[in-house]
Amino acid sequence: MRIYVTSVLVDDQAKAIAFYTETLGFVKKNDIPLGEASWLTVVSPDDPGGTELLLEPDGHPAAKPWKAALVADGIPLTSFAVDDVEAEYERLRALGVRFTQPPTAMGPVTTAVFDDTCGNLIQIVRVPAA
Amino acid sequence: MGDVFKALADPTRRAILDELADRDDQTLFEICSRLAMKHRLESSRQAISQHLDVLEAAGLIATRREGRYKFHSIKRAPLEHIADPWLERS
């Protein structure tokens, strides 16, 4: 068994694909219309055959209160690996991205947390070489 | 107003103040991350939230909401004159 897709719940798929591609730099992989929404996924340009991120609509009535509660407490459910947290922080801030936590050393790792504009907080982390 | 000394009597609450002294405006998630990664304190998020309530009642931290986020900062005023009654020589 392997993980081929994981999802974030977004409030608007059009806004989400713009943010996740133009701002974050991911690449659209699948955009398959399914009723009112699409099976809409992105991948890292560094790993186009790797795990896909599904931009899943948050239309379920429980989704929005759940997301709001997580955001209020600063909790990111999704985490992306970067080579340089400081550089990514500066790059994204220059693009207007709002961080709830600037780069901070947490023991062996450095992390930062930003708002994806779609109702989620996202953590970026430099993963030490294995 | 809660008791400052009672608030400071707990080592987890002192660790929270250690971390908030580093930078203002931390989310609950950041405080929990710092406690886990830097102090090896694996308290539940709910327990940390209760510690924050005690610190806030004692006037040692303040919270503010900005949009959808909630941030915590240290308030040093209650600490500044805490020992004055014993330090003043008549």
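Two strands pair if DSSP finds at least two bridges between them. Strands here are DSSP runs of E with at least two residues, helices are runs of H or I with at least four, and both are numbered from the N terminus. Hello everyone, let's keep those two ideas in hand.

A word on what you are looking at. This is a predicted model, in which local features need pLDDT of at least 70 and side-chain atom pairs count only at pLDDT 80 or more, while totals for chains, interfaces and linings use all residues. Residues are numbered from 1 along each chain as its sequence is written, and chains are lettered from A and ligands numbered from 1 in the order in which they are written.

Let's begin with a sheet in chain A. Its four strands lie in the order β5-β8-β7-β6, the sheet is open, and the pairing is mixed. At the edges we find β5 and β6 of chain A, each pairing on one side only. On average, neighbouring strands are turned by 20° against each other, direction ignored. For angles, axes are lines fitted to C-alpha atoms, for helices over the stretch in contact, and the values run from 0 to 180 degrees between N-to-C directions.

Now walk across this sheet with me. Strand β5 (residues 78–81) of chain A runs parallel to β8 (residues 121–125) of chain A, and four bridges join them. If you want one pair to click on, A:Ser79 has A:Gln123 as its bridge partner in β8(A). Next, β8(A) pairs with β7 (residues 109–115) of chain A in the antiparallel sense, over five bridges. There, A:Thr111 is partnered by A:Val125. These two strands form a hairpin with five residues between them, and A:Thr117 in the turn has a positive phi of about 65°. Finally, β6(A) and β7(A) are antiparallel too, with five bridges, and A:Gln101 stands opposite A:Val113. Helix α3(A) packs on the sheet, touching β6, β7 and β8 of chain A, and its direction makes about 170° with that of β6(A). When I say two residues touch or are in contact, I mean that their C-beta atoms, placed from the backbone, lie within 7 Å.

Chain A has another sheet to show you. This open sheet of four strands has the order β1-β4-β3-β2, again with mixed pairing. Here β1 (5–10) and β2 (27–34) of chain A are the edge strands, and the twist averages 25° from one strand to the next. Seven bridges hold β2(A) and β3 (residues 37–43) of chain A in an antiparallel pair, with A:Asp31 bridging to A:Leu40. Helix α1 (residues 13–23) of chain A packs on the sheet and touches β1, β2, β3 and β4 (52–57) of chain A, at about 5° to the direction of β3(A).

On to chain B. How are two packed helices described? By the angle between their axes and the distance between the axes. Helices α2 (residues 11–20) and α3 (residues 28–39) of chain B pack at about 105°, with axes 10 Å apart. So α2(B) is roughly perpendicular to α3(B), a label used for 65 to 115 degrees (under 35 is roughly parallel, over 145 roughly antiparallel, the rest oblique). From α2(B), the contact uses B:Ala15, B:Ile16 and B:Glu19; from α3(B), it uses B:Ile31, B:Arg34, B:Leu35 and B:His39.

Where do the chains meet? Eleven residues of chain A are in contact with eleven of chain B. On the chain A side, β6(A) gives the most, with four residues.

Next, the inside. A residue is buried if 20 or more other C-beta atoms lie within 10 Å of its own, exposed if 12 or fewer, and partly exposed in between, with C-beta atoms placed from the backbone. A nonpolar core is a set of buried Ala, Val, Leu, Ile, Met, Phe, Trp, Tyr and Cys residues joined through C-beta atoms within 7 Å. The largest has 21 residues, and those with the most contacts inside it include A:Ala112, A:Leu121, B:Ile16 and B:Leu35. Which element gives the most to this core? That is α3(B), with four residues.

Why is A:Lys67 called buried? Because 22 other C-beta atoms lie within 10 Å. Beyond four places in sequence, A:Lys67 touches A:Leu9, A:Asp58, A:Gly119 and A:Asn120.
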